[in-house]
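Hi there,

Here is the structure I promised to pass on to you. Have a look at it first, and my notes follow below.

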Amino acid sequence: MSERGGRGERGELRETRAPRGWAAWGTTVWAAGILALLVAAPLSVRGAYGDRLATHWGASGEPDGSLPPWAAAVAPAAVWVVLVVAAVCWRAARRWRAAVLASGGVLLAGAQVSIARANLHHADWRDADPVSVGAVVTLFAAAVAGCVAWRVSRRPAAASASRGRGARMEIPEGERRVWLSRTANPWLGLVAAATGAVAVAAPLVGTGAPTASMWLLIVPFAVASAAVLVCSSVRVRVGGRGVDVAFGPLGWPVRRWDAADVEWARAERRTPAQVGGWGYRLSGLGTTVMLRAGECLVIRARGKEFAVSVDDAERGAALLNSLAGARAERP
């Protein structure tokens, strides 16, 4: 009995890196830029004020709350990371996600800049300048940004590929074939590493054991890092049992479909704009693991569709259709 892979005579593990669409690049640059500004604003001019920053103002316009510079940097950054992860995973219209990220980013960035500016040249945080004008300007700018993002966000285009059931592969009697493919998104891996580094470094900034407030900063970054890491790479195996999709560098968790449960499989071109972004996406096209724009293996099993970005998807779909057909024809 022989074993053959999806490309050539043996199973082959391939890693691909493909170009991204402008929408995904824009979201990535926006998220990274806002994060950098939130962290840099209170730290870059640290010598221009005291050991604490005024971060809250009462109705009278006088400061009534403060934080050390590192906390003033990390707290809004944590809120932004959680907001970005929630927006990316949000099963809603693309316009809503764009509006939330645009207005939320402008709101947090404007507030951070206003806080840093109000504290400049004041050794005591109680002497910080009022932020009333900055607050009004920030709210107006956030509203405008949200409206603009809503207007310019286009609806996802329809799938470009045929909605057919896909071809089948001829398998000679007595042979067993296996198809393997792997795809990784290095940018998602970098985001996972960056958020994980923040989670590890956050308690080192303070003194002593992490406090309750510190855990409120550590946990969101740690959860975001783990979630992004799991969705940063995928390995797909089509064999006699059916199809296995393993996530992350450790190959866990794993989604499995028995060949008898597969109705059909096909190759289809998809983009992040069609499915709502990168990573594990839920959309009108079903579930898509979007790691790169282009060829995807689409499976329909148990009445639902699942797609994953992999190279040589056409051959994998043909093999899976043959295995599913063979299982269905057995008495």
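Let me begin with a question: does R302 count as buried or exposed? At 54% relative accessibility, R302 counts as exposed. Please keep in mind throughout that this is a predicted model.

You will find R302 in the loop between β12 (294-301) and β13 (304-309). As background, most residues other than glycine have a negative phi, and most peptide bonds are trans.

D312 is another such spot, with a positive phi near 60 degrees, and this residue is not a glycine either. D312 sits in the loop between β13 and α8 (313-329). Is D312 buried or exposed? With 12% relative accessibility, D312 counts as buried, because the limit for that word is under 20%.

There is also a cis peptide bond to look at: it joins W252 and P253, with omega at about 0 degrees. P253 belongs to the loop between β7 (242-247) and β8 (254-258).

If you want a place to start on screen, find R235, which stands opposite A246 in β7.

**Aromatic pairs**

A pair of aromatic rings is described by the distance of the centres and the angle of the planes. The count of aromatic pairs here comes to two. One of them is formed by W257 and F306: the pair is tilted, with 4.8 Å centre to centre and 45 degrees between the planes. W257 lies in strand β8 and F306 in strand β13, so the pair ties together parts that are 49 residues apart in sequence. W257 counts as buried at 5% relative accessibility, and F306 is buried too, with a relative accessible area of 3%.

**Salt bridges**

Side chains of opposite charge can pair when their charged atoms come close. How many salt bridges does the structure hold? There are eleven salt bridges in the structure, and I picked out a few for you:

- R241 and D244 meet through their side chains in a salt bridge of 3.1 Å, N to O. R241 counts as exposed at 53% relative accessibility, whereas D244 counts as buried at 14%.
- E268 and R266 form a salt bridge between their side chains at 3.0 Å, N to O. Both E268 and R266 are buried.
- D312, the residue with the positive phi, meets R315 in a side-chain salt bridge at 3.4 Å, N to O. D312 is buried, with a relative accessible area of 12%, while R315 counts as partly exposed at 36% relative accessibility. Elsewhere, salt bridges that share partners join R266, E268, R270 and E305 into one network.

**Helix α4**

Helix α4 (residues 132-152) has 21 residues and reaches 31 Å from its first C-alpha to its last, close to the 30 Å expected at 1.5 Å a residue.

Which residues of α4 are buried? The buried residues of α4 are T138, A142, A145, G146 and A149. They cover an arc of only 100 degrees around the axis, which puts them on the same side of α4. The face of α4 turned away from that buried side carries the exposed residues V133, V136, F140, C147 and R151.

Happy to go through any of this with you.

Best wishes

Notes: Residues numbered from 1 in each chain as written. Predicted model: local features only at pLDDT ≥ 70, side-chain atom pairs only at ≥ 80, totals over all residues. Heavy atoms only, no water. Helix = DSSP H or I, 4+ residues; strand = E, 2+ residues; numbered from the N terminus. Expected span 1.5 Å × (residues − 1). Buried < 20%, exposed > 50% of the residue type's maximum accessible area, 1.4 Å probe, protein only. Arc of directions from axis to C-beta. Phe/Tyr/Trp six-rings, centres within 6.5 Å; stacked < 30°, edge-to-face > 60°. Pairing = 2+ DSSP bridges. Salt bridge = Lys/Arg side-chain N within 4 Å of Asp/Glu carboxyl O.
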